[in-house]
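Here are a few friendly notes to read alongside the model. Take them one at a time, with the structure open beside you.

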Amino acid sequence: MVHQNIHIDEPKPTLSMHPKKFALWLFIVSIVMLFAALTSAYIVKQSDGNWLSFELPGVFAVNTVIIALSSLTMHVAYLAAKKDNLERIKWMLVVTVILGLTFLAGQYISWSELVRNNVYFVSNYASGSFIYVFTGLHGLHLVSGIIFLLITFASSVKMRIHSKNLVQIEMCMTYWHFLGGLWLYLYLFLLFYL
Amino acid sequence: MASTAVNEQLDDHIEDHAHEHHDNFITKYIFSTDHKTIAKQYLITGIFWAIIGGGMSLVFRLQLGFPEAQLEWLRPFLGKWITTSGKLDPEFYLALVTMHGTIMVFFVLTAGLSGTFSNYLIPLQIGARDMASGFMNMLSYWFFFVSSVVMFISLFIETGPASGGWVIYPPLSALPQAMSGSGLGMTLWLVSMALFIVSTLLGGINYITTIINLRTKGMSFAKLPLTIWAFFLTAVIGLLSFPVLLGAALLLIFDRSFGTSFYLSDIYIAGEALPNMGGSPILFQHLFWFLGHPEVYIVLLPALGITSEIIATNSRKPIFGYKAMIISMLGITVLSFVVWAHHMFVSGMNPFLGSIFMLLTLIIAVPSAVKVFNYLTTLWKGNIVFTPAMLFSIGLVSFFISGGLTGLFVGNSAIDIQLHDTYFIVAHFHLVMGSAAFFGMLAGIYHWFPKMFGRMMDSKLGYIHFWISFVGIYMVFFPMHYIGIAGFPRRYYSFTNFDAFSTFVDLNSFVSVAAILTFGAQFIFLFNFFYSIFRGKKAPANPWRSNTLEWTTPRNPGHGNWPGEIPSVHRWPYDYSKPGAKEDYIPQHIPLSETPESNLQHETRFVKEEKVSAKT
């Protein structure tokens, strides 16, 4: 900081965030736009008629609880990192991954439940096809979230996550919370608009 | 404070690299993470696509201008697409117009323009060592490259490339039975575009992050060059609109390959009903144009930004209405998302909705007119230096005006009933978006060539290139207005089948000859470009006596751009011909305290405050 006074008029440093975190937020914006487009398409399609109404799979409710829990454990992992509780970071990340995988399994079960109720992906009723697209695309993003969790877990094993080095776990947490929020949005959307 | 820490960390990081850096050919020129090399890769790929896309337009112009001509001599290039009677195959004609549109809009004027100049100028003009993530930037280029390869392959397959128009409306694009181009060609188109969207998003995220977070000291938003503002807003538009195209394409892929009915309903082919029911083709149009319209501004805004910079520099005057320019670009950005349905006035959409979209569309004329006014008032009474870049920028303003005026007609939902999908539309968007953006790109190349390659382009060849292109483009697109008003639809294979249009045969031949001339003139540019890379005159440090930071780098800037510390910024980038100043330009990194003779009253106060703060 001392050398700055050499200049006669020192311009102010510019406002800035951590670039990688910022880029993650922009990535999230692009995912939001993708799902905003698809859910708007759903509303437009619905107003056209030829719409099949059916019961949402009961698994969805259970899954919503599971993913909310996983957000909680993710947050506990982050708090542990802030307090340098290295063991707990690892455990909580593992629990989050397991909950994430359980959620995916639950989504798969929901698909078979849909098929049992004669709601198919390939059909003349877009309402059914859309549910598969929503859950499938969300699941795909969730897989990327789990990969991110595993990478974060790997760094926690190497002792690279602690109170002085929080960027990675913060980014992982942001992404994971977002994916949970995205599911909540899709679930509520379907509840209201089906 | 946190921000300085980040910046310092990055600086340290880059300096560390500089010591251990041993570039071999592959890391330096092929898998490079240096924004300058990536920009050049985008430029060269863009030029390659421009030649292909432009060449395609000549082939269909030959068909339109000279419907009786023997095209047997094209057989070595087009093979079986020339029929046994020596004519262009009508299906391939449709493929040509489709691919011309796709290539020009996405590969040349999006990737070639934004990819080149955003990559090249953002770090150099805001004072950053490189992009926020060099690796992501490299990925962005290579996704574009793979997307290009897929699209290029699709040109050579048996059933021909995608042929349903660049807007790929279903059901035409969704059913392989509909036309041969909707088979494998369409599949490859979708794959290529999906990769392209990934590339654009990676690039755009990087541009926005870099502009917001990596600006040098003093480079506040109010001191950013207008180029950077334009690139920034372009990237924002891309980030918000391209995912929507991905969504639209995804549903189209499901309809094509999995049998869903998002877009398909009540279709009979050869007397037989398809099983698909309940889909809505208009849904696709909504989703497509939600990208498609902002895409117009993705193409145009960078060109307008480049023009602002070049016109101010070469008029030796501050840009007129700097803030008005920024506000109008912001206005255009916001409005670009709420006008998409003006492409669909005749799609059977609710006419009340149409009148709302008409109102919003016509509002865009306001910020556009503000920008034009500001360009003209910047030129007004300036000490204009007619470099080739300046000529191309003025040419852009001309196209923007003459193409923009017809926008008032076609944006009107009642007049659009007559003009929709006629050559009037073709003339309108080729002038206002196609040619304007293309001129912006050329202006940018002429202006920043000395920085890119350390050598000068020949300006005499530049002048010849400009005048033939400028006159040629008007000769091509101006007559099309008449053909369009007469009602001739675009994408039709032949005029001569209809008596009503036989009076336009001469005019069409004229347009085709002009197109050939204009295309030919681009080879002057190509020669100039490639010759000057190796043999051009060595460029001085600041050949255009310009204010922005890129001209403070060495003649051939290395990795990290500035050998020493990054210069700080003390003033806006448009201090040209400031009264009292020694020179007619004061670069952005010169402190106010060094120019007491030209400081304005409020600036003198800044200097005093700065001195006080320096003492304490």
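1. Helices (H or I, at least four residues) and strands (E, at least two) are DSSP runs, numbered from the N terminus. In that numbering, B:Arg545 sits in the loop between α17 (505–535) and α18 (601–615) of chain B. Its phi is near 50°, a positive value in a residue other than glycine.

2. This is a predicted model, where local features need pLDDT of at least 70, side-chain atom pairs count only at pLDDT 80 or more, and totals for chains, interfaces and linings use all residues. Residues are numbered from 1 along each chain as its sequence is written, while chains are lettered from A and ligands numbered from 1 in the order in which they are written.

3. How confident is the predictor? Chain B averages a pLDDT (the predictor's confidence in each residue, from 0 to 100) of 92. Over residues 1–20 of chain B, however, pLDDT stays under 50. Where pLDDT is low, the predicted coordinates should not be read in detail.

4. Now look at where the chains meet. The contact (C-beta atoms, placed from the backbone, within 7 Å) takes 34 residues from chain A and 48 residues from chain B. On the side of chain A that touches chain B, the largest share, 14 residues, comes from α1(A).

5. Which peptide bond is cis, with omega near 5°? The one from B:Pro170 to B:Pro171. B:Pro171 lies in the loop between α6 (134–154) and α7 (184–213) of chain B. Most peptide bonds are trans.

Methods:
Contact = placed C-beta atoms within 7 Å.
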